[in-house]
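I opened the notebook to look up two topics today.

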Amino acid sequence: MSLFKARDWWASVLGEGEEFDQGCLCVGDVDNSGSGYDKIVVGSFMGMLRIFSPHPAKPDEPTEADAQLLEVQLPDPIIQVEMGKFVSCSELLHLAVLHPRKLSVYAASGTAGNVEHGDQYQLRLVYEHNLQRTACNMTYGPFGGVTGHHFICIQSMDGMLMFFEQETYAFGRFLPGFLLPGPLSYCIRTDSFITVSSARQVECYRYETLAVATDADTRQDSDQQSKSSGKRLTADWTLVLGEEALDICVPDTSSATSSIFVLGERNFFCLKDNGQIRFMKKLEFNPSCFLPYGSVSEGSTNILMCNHNNMLLVYQDVTLKWAAQLSCVPVAVRVANFPELKGLVVTLNSNGHLQCSYMGTDPSFFTAPKVDAREVNYDEVDAEMKMLQKVIREATKTQDILPRAETEEELTLIAVVSSNLDEVSCAVIPEMNGMPVPSVTVKVKIKSRSAVQSPKMTVCVQPPLAVTQDQFVLDSMGSGCELVVRFSAFLNGRYPPADLCGDIAVSYSSATGIPRVSRCKFSLPLRLVCYPSSAIKNAKYKITVDTNKPPVNLSEVFPDFSEKSENNDSSALGFQLITGSRVIVLASKTSQRYRIQSESFEDIWLVAKELVLRFDQHFASLGVRDFRNSFTGPIPLPEYFETVDHHFELRVNAQKYQDLLSERAVQFRAIQRRLLTRFKDKTPGPLQNLDTLMEGTYRQVIALADAAEDNRERLIQAFTRLRSATHLLILLLSLWQGLVSEQTAILEATLLPLLQDTPQLGWEESVDAAVSHLLKTCLSRSSKDQAISLSTGLLTIPKDTSRLKKHITLLCDRLGKGGRLSLSSEANVPTTVMMPAGCESIPEPIAEQEEEPPLQQDAAKYIKKKQPSKKIKSKSDSSKESSKEKKEKDSNKEKEPKPSSKESKKESSKESSKESKRESTKESKDKESTREKEPSKESGKEKTKVSRKSSVKVKEKKSEAGDG
């Protein structure tokens, strides 16, 4: 926003409902009056041509009608108007008017009036050309170096340049690689035409090249053009802009080199006549039009530029010299001279507002009032600073996985799940395993605090669950409006789901146009995926959940399942999954334990989650605050690993099917090529059973595709079962160690990083990387063992699951030993935790300890073999060398303070065998620490220093032994 406004000198509104563009305005002495002053010529898309000679209105003149010299209604829309020497027998200025299918040249003349009404102006048609193609724009100039005359070049909508030598049509040429027309301009100095193609590059074509190129009476292909007479049309030079161009202008200056100005959508370019960039300016606004004109300083050019912010900017090359506010957004700008004032800026907008203005300002006599100075209360400032610092600390201390939502949102969502199932099910599959598939209605209440625009609601549930409609396009809502949307959810797959939760998201735009998203979650009832059934006592997989309160009646906890249960036993309850096995919940009559058992390990998850949740709700309704669920172990890792192996096996099979399909497809295409070659051969020959081979290959491809599709469906089911088993494992770990919600969220993000498998990234490698990260950071043995920098290599499918199983086992073991899950970067030293009764920690396997030592042992061997060779070269006496080497090795391996002579003799006799075992690990650890902390050169220097110190200690030992 500029402080200055363009001063109105004259203005007029042209017609009503007419439209104008950048080619509809030109200025010049159209009537050849010889006064040196300009007239304004304006044409509209409605075919109205007007000529103005503006002058400022005097106080006693109420209207400005005498400023309009002529108004003519032409039969066709006016695309562009230009003034030039377009008549062969005259050097006067004529007016060229471009219509979509016609080019007309007019002569404007004025006759002095004999009465007080003034002069009379008329428009006479000199000649016209009917165009065979729809015109887009035109340019003019002394093509070919002619003097005293101007020729016209018209660009059509299909990329043809049509040249007219005044009354005669000369030739036409098609631009190569044309798609859409762009701005067109003529450079007098190089006698060439400049345009911007659809490839977003500036192209320059010389007039001489266009004249001798292939004739373009009919559009031909490139192959046909090369065979016909004439040369193929090629650009003299090109320059890639990378954006669309709005206009091109080549100002007529007297300098030795001409400049080509190109106005883009985001940048402004100045090019030399050979295509090199002289300078460019990145614009911070959307330009609408521009006009380069001569500058008073040598070697520079002034540019008038208008933008969509109603601003008129004056640049000298790339330097902004002035900015003024306009009343509208111009589509064309010109500079004209009038009798009262020279150098006026003429602007025209798309609605016909024609304005002549100049840049200036009136002095402002406003002075800002003095601000009352007040003394600063430093106590209040200190208190405010402490309060703000406290807020900053609290904001930076939180380490939530997800960002906190705003306290007050413009749109509030509340999802209410019906307590009863639908009477008429909306499920796509009405029956599975002999049981009807129910559905439940979810009602979403949307309330707006302020006006929102274009809200769209999206519902997402995890397969095999589905909804009747997942996309809703809502009407715009005002402030305080409420809206209710209903949909039904049901089971749509023949396997149990891993999660009964769903997400609802509403995307909308606020009143200020800012995009926002509001979200909410909902939980579907367990009754949607299972029915009550009879309880059985025996099952393959069993899990026991302990509580600290007396046992309760299961009929009170599960009233919706106990009513239709076949038995009346309150200590046993059966759940028959529609697409799974039967899950039994047994309550102990003597202890505070509950057993969940089933023939499928994964199917226990939904019932176990519902049991824990309903226990919390039941005892909370009774006012019990110290109720707690727990799990005494052991963690069922072998059963969990069976599910992991099954999923991994299907992933490997999918990769094998993909490779086999690729091989058979290559074979099939090779057979096709050979058969095609045989069929095209002029001399027929035997097919040599290629048709039989192709048919057999085709059957193999179809069989492999069917097998791959079947494997893909089974992989989707296996991944859902793996997610269920993982959810169950996380629940048992949280009950086992009493994890809080933040730690449970970290565990879920670690073991459930993906919602679905992809060929590029699978569950196994993602979980292995996440678990390894926890084992090296917050679950490390001590703060010293924490990894400073973690490797971020490319994740690929592993060869087997042994490494993953080992890491998950270590994760459970570290949690059992008191490990604390945290995203903090500080050291997390494990704290001692009292284990519940009957809980035993998982023994840490020896393989984890031997994960790194092979490299360390190799390094230790290398050190042992390397050091004696250096010492042998440095010693001169061979007899003393062997005895000193042995003692030096002992001293280097120990790296401890020197013991007394008596102690050393005892240790050498008793602990020689023990030290040889210890030193290999010690040397490898020391070697790794020096490699990590110091460069290799410094580590080499340290070794030599240590060896020298050890040799001195050996000499001292010998002297002490001699004295003794």
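Predicted model: local features only at pLDDT ≥ 70, side-chain atom pairs only at ≥ 80, totals over all residues.

How much space lies in the largest cavity? I read about 60 Å³ for the largest cavity.

Entry, largest cavity. I listed its lining and got 13 residues. Closest to the centre are Leu 175, Phe 178, Thr 195, Ser 197 and Glu 203. I then sorted the lining by class: six residues are nonpolar, six are polar and one is charged.

Entry, cavity count. I asked how many cavities of 30 Å³ or more there are. The count is three.

Entry, second largest cavity. I read a volume of about 40 Å³ here. Pro 496 and Pro 497 belong to the lining, together with Glu 602, Asp 603, Trp 605, Leu 606 and Ser 724. By class I have four nonpolar residues, one polar and two charged.

Entry, sheet. I turned to an open sheet of four strands. The order is E29-E32-E36-E34, and the pairing is antiparallel. Why is one side of E29 and of E34 left without a neighbour in the sheet? Strand E29 (411–417) and strand E34 (465–467) stand at the edges and have a single partner strand each, so one side of each lacks a neighbour in the sheet. From one strand to the next, I find that the twist averages 25°.

I checked how E34 is joined to strand E36, residues 482–491. Three bridges join them, and the two run antiparallel. I also looked up what stands opposite Leu 465. That residue is Leu 491 in E36.

How values were computed. Residues numbered from 1 in each chain as written. Heavy atoms only, no water. 1 Å grid on protein atoms, 1.4 Å probe; cavity = no way out; pocket = protein on both sides within 12 Å on 5 of 7 lines; lining within 4 Å. Points joined across faces, edges and corners; volume = space filled by probe spheres on them. Nonpolar A, V, L, I, M, F, W, Y, C, P; charged D, E, K, R; others polar. Pairing = 2+ DSSP bridges. Axes fitted to C-alpha atoms, helices over the stretch in contact; angles between N-to-C directions.
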